[in-house]
Amino acid sequence: MYQYITEEFLKELGLDKLPEEEKQRIMLQLMDVFTKRVMLKLIKNLDDNKLTEFDKFLETDPDPVSIFSYLADNVSNFDSIIEEEAKAFRQEAIDFIKSS
């Protein structure tokens, strides 16, 4: 997931001149938002049986890597969903910065 929030992305947003510490903070925030957004989209693609199974899986308090691994195994179009969300997220971020 980290390959989507990069220095190049910050440059596209016009944030590449910020101090390094500030850039890292922004990158972490963007990554958090992007990850949650992707996770919600992936969960929406689970059928009812898989969703029930996923709920039980979450009761085990898995780490984020395990959650994404589970979703990768159970959402047939996992990669394409991530790619679509990455494109949409990137464009929305650029549009937001330009309108500010």
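This tour moves through the model from the overall fold to individual residues, naming at each stop what to select.

**Before starting**

The model is a predicted one, in which local features need pLDDT of at least 70 and side-chain atom pairs count only at pLDDT 80 or more, while totals for chains, interfaces and linings use all residues. Residues are numbered from 1 along each chain as its sequence is written, and side-chain values use heavy atoms, with hydrogens and water left out.

**The whole chain**

Display the C-alpha trace, which spans about 45 × 25 × 20 Å along its principal axes. The protein has 5 helices and 0 strands, and its pattern along the sequence is α-α-α-α-α. Helices here are DSSP runs of H or I with at least four residues, strands are runs of E with at least two, and both are numbered from the N terminus.

Next, colour by pLDDT, the predictor's confidence in each residue, from 0 to 100. The mean for the protein is 92, and 98% of residues reach 70 or more. Confidence is lowest in α1, with a mean of 89, and highest in helix α3 (residues 48–58), with 96. Where pLDDT is low, the predicted coordinates should not be read in detail.

Buried means under 20% relative accessible area, exposed means over 50%, and partly exposed lies in between, with a 1.4 Å probe and protein chains only. Contact means heavy atoms within 4.5 Å. Among contacts between residues at least 6 apart in sequence, 62% join residues at least 24 apart.

**Helix α2 and its packing on α4**

Select residues 20–44, which form helix α2. This helix has 25 residues and reaches 36 Å from its first C-alpha to its last, close to the 36 Å expected at 1.5 Å a residue. The expected span is 1.5 Å times one less than the number of residues. Buried residues of α2 include Lys23, Ile26, Met27, Leu30, Met31 and Phe34. The cover over the buried residues of α2 includes α1 (7–12), α4 and α5 (78–99).

Axes are lines fitted to C-alpha atoms, for helices over the stretch in contact, and angles run from 0 to 180 degrees between N-to-C directions. α2 passes α4 in a left-handed crossing, that is, one in which the near helix is turned anticlockwise from the far one by less than a right angle. Show side chains at the contact: Thr35, Val38, Met39, Leu42 and Ile43 of α2 meet Ile67, Phe68 and Leu71 of α4. By class, this contact has 7 nonpolar, 1 polar and no charged residues. Ala, Val, Leu, Ile, Met, Phe, Trp, Tyr, Cys and Pro count as nonpolar, Asp, Glu, Lys and Arg as charged, and the others, Gly among them, as polar.

**Helix α5**

Move to α5, whose 22 residues should span 32 Å at 1.5 Å a residue; its end C-alpha atoms are 31 Å apart, which agrees. Its buried residues are Phe78, Ile81, Ile82, Glu85, Ala86, Phe89, Ala93 and Ile94. Their cover includes α1, α2 and α4.

Centre on Ala86, which is buried because its relative accessible area is 11%. Not counting residues up to four places away in sequence, Ala86 touches Tyr4 and Phe34. The C-alpha atoms of Ala86 and Ile5 are separated by 9.0 Å, although the two residues are 81 apart along the chain.

**The loops**

Begin between α1 and α2, where Gly14 and Leu15 are found. Gly14 counts as exposed because its relative accessibility is 52%. Its C-alpha atom is separated by 39 Å from that of Phe54, 40 residues apart along the chain. Leu15 touches Leu10, Lys23 and Ile26, not counting residues up to four places away in sequence.

Continue to Asp61, in the loop between α3 and α4. Phi of Asp61 is near 55°, a positive value in a residue other than glycine. Most residues other than glycine have a negative phi. Asp61 is exposed, with a relative accessible area of 68%.

Finish at Ser76, in the loop between α4 and α5. Ser76 is exposed, at a relative accessible area of 82%. The C-alpha atoms of Ser76 and Asn45 are separated by 8.6 Å, and these residues are 31 apart along the chain.
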